[in-house]
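User: Could you walk me through this one? I'd like to start with the overall picture and then go into some details.

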Amino acid sequence: HLSDPCPTTKPDFLCHSLGSKSITSDLAKKSSQSLSERSMINSTLFVIILATVQGLFEVSGLATFYYQKNELKLEPAFIQMVGGIIGLPWCIKPLFGYATDQMVNKFKRTKYIIMMTSTIRIVCYSALAHYKVGVWGYYTFAFVNCLCALFENIISEYILVLISKRANERDNGGKNNKLPYFFGFRAAGALIGTFSGGRIIKYYGLSTTFYISSLLPIISLFACMAYRERPVEVPEQERRSFKQEMRVMKQLVCQDKVLMMVVFIVLLNLTPMFDTLISFYLTDFLKFGSEDLSNFGSFATVCYIAGLILYSNFFKDVDPRKFYMTTNFILWGLNLSFLLVVTKTLDRWGIDNKLFCFLSQGVSTFIAEMNFMPILAIWVSIVPRNLEATSITLFSGLLNLSGNLANYFGCLILWVLAIHKDNFDQI
């Protein structure tokens, strides 16, 4: 849809009337560049809207936790385990990327896929807002919603990669990268959603939160209707079959440096995770309310954005290995600091638990983002040319896979220690 909109051949009478074919060519080139730039701006604005809406869905993040905890009466280990299963599609993101390519080739426009996922989201959130669904009904909606978010994520990245490629061609080998637009505006939307989510729960309840979430996809639908997208035409010789796609992925992974990095990424994220347990502990044992959790999440999002900006502007040229090791030790100490909460050391020292958790989570998120960026930098530096897009989807899939495995390890430990919502003795 970003291809040259102007025909390559002009009527003879136009050339004769201008007196020179070179003049006609210059005018056509300027007109083509103007239309192409306008198309890239429209596409960028479209993705910015999609990214912001994806972030705004965080308004229901706390609501989903409270729904599972209070309405469905589920245990922390069960919530964490099923959450990992629901997130499995994100672990095979490259395969869904290939499926998205096939859908785009068939429908010719990416916005049709967004319209479909937005409609499905409206149905799912409306059902949660108006009906009290059971355990498996809820997780069915959650899985479908997860798939919609995955396709929207892939489409947004797909459009921005095309825009970046077009801009690089225009600049004769430039290094434009529009992907930060997506992550930046999604984080901005998440900040708004997280901040308001806890307050809506506190004053209006879970149903209202889900109802508001069901209205958010309408913004995406209006954006799709306003988006003037040209048909996407992929030349037959540039299309790859599923076997060819898997062969390319295998060749990428089997390279020595890439294989070592794959092993490193998986091992790095295998630390058992207890996010759901900590949320239970904060709400049931320390009596934190939805507004408190909302404040924690909002501050963490601000710190995430700050870490991204700070690294990009001041630390991107630092040796990534040394920077990673330094931030890793700092992050290790910050993660261990939660022991001060569960051992009630803070109470003996007279330090407020809410203030400590607020600052600890924010600083941990900041350092975690600074810790992650060197890994991404090393990964990008070792992948072969012309395989950047494939490598990024593989990188995302590996991170999600190792995160899921960490979830399962955490569940196993909870079961072994018999930790549940009514017993925190072994925490």
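This is a predicted model: local features need pLDDT of at least 70, side-chain atom pairs count only at pLDDT 80 or more; totals for chains, interfaces and linings use all residues.

User: Let's turn to packing. At what angle do helix 7 and helix 10 pack?

Analyst: Helix 7, residues 111-130, packs with helix 10, residues 206-226, at an angle of about 165 degrees, and their axes are 8 Å apart. Since angles over 145 degrees count as roughly antiparallel, the two helices are therefore roughly antiparallel to each other. Their crossing is left-handed.

User: Which residues make that contact?

Analyst: On the side of helix 7 they include Ile114, Met115, Ile122, Tyr125 and Leu128, along with Lys111 and Arg121, while on the side of helix 10 they include Phe210, Tyr211, Pro217, Ile218, Leu221 and Cys224. By class, the residues of this contact divide into 12 nonpolar, eight polar and two charged.

User: What about helix 6 against helix 7, what's the angle there?

Analyst: Helix 6, residues 93-107, and helix 7 pack at an angle of about 110 degrees, with their axes 9 Å apart. The range from 65 to 115 degrees counts as roughly perpendicular, so that is how helix 6 and helix 7 are described relative to each other. The contact is made by Thr100, Met103, Val104 and Phe107 of helix 6 together with Tyr112, Ile113 and Met116 of helix 7, and it has six nonpolar residues, one polar residue and no charged residues.

User: What does Cys303 touch?

Analyst: Leaving aside residues up to four places away in sequence, Cys303 touches Gly362, Val363 and Phe366. Cys303 and Val363 are 60 residues apart in sequence, and their C-alpha atoms are 6.8 Å apart in space.

User: Where is Leu401 found, and how far apart are Leu401 and Gly84 in space?

Analyst: Leu401 is found in helix 19, residues 388-416, and it counts as partly exposed because its relative accessibility is 35%. Leu401 and Gly84 are 317 residues apart in sequence, with a C-alpha to C-alpha distance of 9.3 Å.

User: Last topic, backbone angles. What is phi of Lys73 near?

Analyst: Phi of Lys73 is near 55 degrees, which is a positive value in a residue other than glycine. Lys73 is found in the loop between helix 3 (61-71) and helix 4 (76-86), and it is exposed, with a relative accessible area of 54%.

User: And which residue follows helix 13?

Analyst: Helix 13 is followed by Lys287, whose phi is positive, near 60 degrees. Within helix 13, residues 275-285, the buried residues include Leu277, Phe280, Tyr281 and Leu282.

User: What about phi of Ala418?

Analyst: Ala418 is not a glycine, yet it has a positive phi of about 55 degrees. Ala418 is found in the segment after helix 19 and is partly exposed, with a relative accessible area of 41%.

How values were computed. Residues are numbered from 1 along each chain as its sequence is written. Side-chain values use heavy atoms; hydrogens and water are left out. Axes are lines fitted to C-alpha atoms, for helices over the stretch in contact, and angles run from 0 to 180 degrees between N-to-C directions. Helices (H or I, at least four residues) and strands (E, at least two) are DSSP runs, numbered from the N terminus. Angles under 35 degrees count as roughly parallel, over 145 as roughly antiparallel, 65 to 115 as roughly perpendicular and the rest as oblique. A crossing is left-handed if the near helix is turned anticlockwise from the far one by less than a right angle, and right-handed if clockwise. Contact means heavy atoms within 4.5 Å. Ala, Val, Leu, Ile, Met, Phe, Trp, Tyr, Cys and Pro count as nonpolar, Asp, Glu, Lys and Arg as charged, and the others, Gly among them, as polar. Buried means under 20% relative accessible area, exposed over 50%, partly exposed in between (1.4 Å probe, protein chains only).
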